[in-house]
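Below is a short note for a colleague who is new to reading structures. Please keep the sequence and the 3D view open while going through the points.

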Number of protein chains: 2
Amino acid sequence: MNEEQLAKQLKALSDVNRIQILALLAQKERCACELLAFFHFSQPTLSHHMKVLIAGDLVRSRKVGTWNYYRINQEKATTLLSQLNQLLSPCSPKRKDG
Amino acid sequence: MNEEQLAKQLKALSDVNRIQILALLAQKERCACELLAFFHFSQPTLSHHMKVLIAGDLVRSRKVGTWNYYRINQEKATTLLSQLNQLLSPCSPKRKDG
DNA sequence: TATCTATATAGATAATTATCTATGTATGCG
DNA sequence: CGCATACATAGATAATTATCTATATAGATA
């Protein structure tokens, strides 16, 4: 388990606005302007938050014309959950040196 | 789901040192001086990190003489995992307005 | 009581971050 | 082409945070 990457992902998740963004993306893929409508911060601030989420591999984006659609990176999100589950659970000896 | 508290807990988890502290506590309860031996930062810094983890309800402590023993707050950790699981999973309509 | 050990607190500092305004880029359309 | 729309980037700023040194507190023990 790469703790640097895990910390980066958890840091990406450690902001109320980004948590709410993920909650919105859990429902469906959305473009930036659609996301922005839910919040009170500026467009560059949303851009910043999306960058953090993407850098943490929690969100993917695809461009369609001028629109940028965001969706949860389900695979990486699942990996994160299982890592966190392993971290927070009482130690079960999985490896000989564990 | 209280997103403020969730963000606070995830922020507590978003530091490599604190992740490693939790990994050590997952194995067993440990006192501060025992934890400190694993790291290169100072004792007040450990004290700070433990305070953050406790403020996030992820860790509990008990005092025995001069020693302070720390252990994972398993109940709250499990709650956190399930909240995060709910956040990162494709939306399943649990509530009428969901 | 004096002292050692384990831990916390105070205060300072450097790094990070969330946010803003202003501006740039790229796409679609008349 | 000229302009509007969607989004990103640049640069500034205020707040937060991780870390340190110095010091305080509190329990154990000689």
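**Notes on the model**

1. The model is predicted. Around DNA strand C there are 22 residues, and those that come nearest are Ser42(A), Pro44(A), Gly65(A), Cys33(B) and Pro44(B). Two or more residues of this surface are given by each of α4 (43-55) of chain A and α3 (32-36), α4 (43-55) and β3 (67-72) of chain B.

2. Which element has the largest share of the surface near DNA strand C? That is α4(A), with five residues. Sorted by class, the surface near DNA strand C holds 11 polar, nine nonpolar and two charged residues.

3. Chains A and B touch each other, and the contact takes 26 residues from chain A and 26 residues from chain B. On the side of chain B that touches chain A, the elements giving two or more residues are α1 (3-12), α2 (16-27) and α5 (74-88) of chain B. Of these, α2(B) gives the most, with seven residues. By class, that side of chain B has 17 nonpolar, five polar and four charged residues.

4. Chain B has an open sheet of three strands, in the order β1-β3-β2, with antiparallel pairing. Why is one side of β1 (30-31) and of β2 (59-64) of chain B left without a neighbour in the sheet? Both stand at the edges and each has a single partner strand, so one side of each has no neighbour there.

5. The pairing of β2(B) with β3(B) is antiparallel and runs over six bridges. In β3(B), Asn68(B) is the residue opposite Lys63(B). In general, strands of a sheet pair through backbone hydrogen bonds, either parallel or antiparallel.

Terms used: Residues are numbered from 1 along each chain as its sequence is written. Chains are lettered from A and ligands numbered from 1 in the order in which they are written. This is a predicted model: local features need pLDDT of at least 70, side-chain atom pairs count only at pLDDT 80 or more; totals for chains, interfaces and linings use all residues. Two residues are in contact if their C-beta atoms, placed from the backbone, lie within 7 Å. Helices (H or I, at least four residues) and strands (E, at least two) are DSSP runs, numbered from the N terminus. Ala, Val, Leu, Ile, Met, Phe, Trp, Tyr, Cys and Pro count as nonpolar, Asp, Glu, Lys and Arg as charged, and the others, Gly among them, as polar. A residue is near a molecule or strand if its C-beta atom, placed from the backbone, lies within 6 Å of it. Two strands pair if DSSP finds at least two bridges between them.
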